[in-house]
Amino acid sequence: MKTEVIKIDPVHPESSIIEYAATFLRSGEVVVFPTETVYGLGADAFQPAALERIFAAKGRPFSDPLIVHIAEKGSLELLTVSISEWARHLAEAFWPGPLTMILPRGPQVPRLVTAGLDTVAVRMPQHPVALALIRAAGSPVAAPSANRFMHISPTTAQHALADLNGRVPLVLDGGSSEVGVESTVLDLCAEVPRILRPGGVSLEALRSVLPDVQPPVQRNSKHRDEEEAQKAPGQLLTHYAPAIPLLLFDGSLEAMHYAMLDELRRRRTLGERVGVLIADEDAVVFQDSGAVIQTLGSANNPKQIATALFAGLRALETAGVDVILCRNFDEQGLGLAIRDRLLKAAGGRVVKLD
Ligand code: TXA
Ligand code: MG
C-alpha cells in the first residue's frame, strides 16, 4: 500500500484536507493524525472491520484495548452507560486535553475496542486537527499511538512514517506534538479512582479536582507486572522499548553523573558506542567523554523534557549506538510520566544509586 502524506495547518486545519481524511474514516480506512500528546492511528470506533485494520497496521494483539476519541463531551452518551459526577467534573476541568477516563462500557461499543472488558477508555483531545477530523468523521474515533506495537510513541509524522510507511493509506502531518507523552489514563471504575498510566495531566492537577485519586501502582518487578497486566492491559514493563538497550540511572544528580561516566568508560573500553540521554545542564559533564549526546531540555522544566523525550529516544536509536545511558528525573508534575516512560524504555534495567 502506498502511504500518502499531507501537510496540514495544526492551528487552522484546512477544511478540504479534513474532509478528505474523514472520507477515509467513514469508508472504514485508518488515518494517522496529530494529537497534542502523540500521533494517533485512528479508525471509526463503531466499524469493527476498520478497528481490525488498526491492530493489523500496528502488529498489536487484540488483548490490548483502544482509547475512543470524541470531539464533544455530549458524545460520551454514545459510549458509556452512566456518567458519574466525578467524570463530569473531570471532563469540565481537563477536556479537551490529555486525560483518558475509564468508564463503564456502553452496549454499542464494539468488543474490539475494549478487548472484551466491561469498561471503555474515552478522551477528548485538544489538537485542532484531531477535533476537526473526529467531527468530520461524524463518529467517535478509536486511536492508539501510531507506532508499531512495543515501539516508542511518535511525536512527529516522520516518526509515524518510520513505523507505518506502507501499512496505512494516509498520514496527516501537523508538526510536532506539544505534550510529548501520552494521555493520563484514569480508572473511574475502580473503588478508588486510580491512575493506570501517568501522562499529560499530572497527579497533582487531578487531585485538585478529585482529591482521592491514587498514584499508579509501582511496577518494578516482572511478577507485579503480570498481575497488573490483567487490570491495565498494555501497561507491560517492556512497552515503549527502543531497539537498543537502555540503562536508566536513578539517584542524586551527583551519583547519576558519577555512575554514568563510570559505565560509559567501561563500555568504551569494550569498544562499544555509547549514547547518553540527559538534560541540558548535564552536557558539560559528558563533553569530551566520547558519548553521543542527546539533550532533552532543562531538568527544571519537565514540560520541555516530556516534549523532547520520545524524539530523543528515537534519535539515539538511529544514531548507531550500542547502548543508551539515561539519567532519571524528579517525579513532580509531568515527571511521573517521564519516569514511567523511561522505566519502560529500560525494560526494568535500572541502576539504583545512593
Ligand atoms: O495520548 C494518548 O492517549 C494517545 C493519543 C493517540 O490519544 N493514545 C494512546 O493509545 O496512547 P494507546 O493505545 O497507545 O494506549 C492506550 C492505553 C493502553 O495502555 C491501554 O491498555 C489503556 O489505554 N486502555 C484502553 N482501554 C482501557 C480499559 N478499558 N481499561 C484499562 N486500560 C485501558
Ligand atoms: Mg501506545
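Q: Which residue of E9 stands opposite Ile102?
A: Asp187 of E9 stands opposite Ile102. This is a predicted model: local features need pLDDT of at least 70, side-chain atom pairs count only at pLDDT 80 or more, and totals for chains, interfaces and linings use all residues. Residues are numbered from 1 along each chain as its sequence is written, chains are lettered from A and ligands numbered from 1 in the order in which they are written, and side-chain values use heavy atoms, leaving out hydrogens and water.

Q: What makes E5 and E9 a pair?
A: Two strands pair if DSSP finds at least two bridges between them. Four bridges join E5 to E9, and the two run parallel. Strands (E, at least two residues) and helices (H or I, at least four) are DSSP runs, numbered from the N terminus.

Q: In what sense do E5 and E6 pair?
A: They pair in the antiparallel sense, over four bridges. Here Ile102 stands opposite Ala121 in E6. In general, strands of a sheet pair through backbone hydrogen bonds, either parallel or antiparallel.

Q: Why is E5 called largely enclosed?
A: Buried means under 20% relative accessible area, exposed over 50%, and partly exposed in between (1.4 Å probe, protein chains only). Five of the six residues of E5 are buried, so the rest of the structure largely encloses it.

Q: Why is Arg123 called buried?
A: Its relative accessible area is 2%, so Arg123 counts as buried. Arg123 is found in strand E6 (residues 119-123).

Q: What does the side chain of Arg123 contact?
A: It makes a polar contact with the side chain of Thr37, at 3.1 Å. A polar contact is a pair of N or O atoms within 3.5 Å; within protein, one must be able to donate a hydrogen and the other to accept it, and residues adjacent in sequence count only if both atoms are side-chain atoms.

Q: Is Pro107 buried or exposed, and why?
A: Pro107 has a relative accessible area of 64%, so it is exposed. Pro107 lies in the loop between E5 and helix H5 (111-114).

Q: Why does His127 count as buried?
A: Its relative accessibility is 9%, so His127 is called buried. His127 sits in the loop between E6 and H6.

Q: Which residues does His127 touch, not counting residues up to four places away in sequence?
A: It touches Pro10, Pro34, Thr35, Glu36 and Gly174. Contact means heavy atoms within 4.5 Å. A polar atom of the His127 side chain also lies 3.1 Å from the backbone nitrogen of Val129.

Q: What span does helix H1 reach from its first C-alpha to its last?
A: H1 (residues 15-26) has twelve residues and reaches 16 Å, close to the 16 Å expected at 1.5 Å a residue. The expected span is 1.5 Å times one less than the number of residues.

Q: Which residues of H1 are buried?
A: They are Ile17, Ile18, Ala21, Ala22, Phe24 and Leu25. They cover an arc of only 150° around the axis, so they lie on the same side of H1. The arc is that of the directions from the helix axis to the C-beta atoms. On the other side of H1, Ser15 and Ser16 are exposed.

Q: What makes H13 a mostly covered helix?
A: Nine of the eleven residues of H13 (335-345) are buried. Among them are Leu336, Ile338 and Arg341. Their cover includes E10, strand E11 (246-250) and helix H12 (302-317).

Q: What is the strand order of the open sheet of five?
A: The order is E13-E12-E14-E11-E15, with parallel pairing. Strand E13 (292-295) and strand E15 (350-352) are its edge strands, each pairing on one side only.

Q: Which strands of this sheet does H12 touch?
A: H12 packs on the sheet and touches E11, E12, E13 and E14. Its direction makes about 170° with that of E12. Axes are lines fitted to C-alpha atoms, for helices over the stretch in contact, and angles run from 0 to 180 degrees between N-to-C directions.
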